[in-house]
Amino acid sequence: MKELEQRLIDKQINPTAMRLVVLDFLLGQSSAQSLTDMELKMVRTDRVTLYRTIRTFEENGLVHRIEDGSGITKFALCAAGCDVKGHHDLHLHFYCTVCKQTHCLPKTMIPEISLPKGYQSLETQLMVKGICRECGI
């Protein structure tokens, strides 16, 4: 539990009981999770507290949001380099059309995009859709 507390403290997040439970849950997941997924899979949680916890995690660079085209926002843990100033782990996301899971592929980085003069990037996402390793077997 000390490791979880320290991880929150390192991101300038006060380690409350609920925040520790949510972090522990996210560490055990192999794919991104929606708020509904988290609410259903975690015992003794309410939607408002969960939403506030995830929002705090996102604002402090602990999780990032993923828009995978399903119409449901999902969240996954960030790499260590993300912080209050922004998310710096620009990696590929993969959405499986069979199992409907969204996976972060942190070893596949999004290349730097050069925009024309006058354009300013606020967010970069790259989503690949197909069949994941588990469903392809």
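Author: Arginine 65 has a relative accessibility of 35% and so counts as partly exposed; that class lies between buried, under 20% relative accessible area, and exposed, over 50% (1.4 Å probe, protein chains only). The model is predicted, so local features need pLDDT of at least 70 and side-chain atom pairs count only at pLDDT 80 or more, while totals for chains, interfaces and linings use all residues. Residues are numbered from 1 along each chain as its sequence is written, and side-chain values use heavy atoms, with hydrogens and water left out.

The side chain of arginine 65 forms a salt bridge with that of glutamate 67, at 3.7 Å from N to O. A salt bridge here is a side-chain nitrogen of Lys or Arg within 4 Å of a carboxyl oxygen of Asp or Glu. Glutamate 67 is also partly exposed, because its relative accessible area is 37%. This pair belongs to a network of salt bridges that links Glu58, Arg65 and Glu67. By the rule above, six salt bridges are counted.

Lysine 74 and aspartate 68 make another of them, with 2.9 Å from N to O. Here both partners are buried: lysine 74 has 6% relative accessibility, and aspartate 68 has 1%.

Glutamate 5 and lysine 2 also meet through their side chains in a salt bridge, at 3.8 Å from N to O. The two lie three residues apart in helix H1, so about one helical turn separates them. Helices (H or I, at least four residues) and strands (E, at least two) are DSSP runs, numbered from the N terminus. Lysine 2 is exposed at 66%, whereas glutamate 5, at 23%, is partly exposed.

Phenylalanine 57 touches Leu8, Ile13, Arg19, Val22, Leu23, Leu26, Leu62 and Val63, leaving aside residues up to four places away in sequence. Contact means heavy atoms within 4.5 Å.
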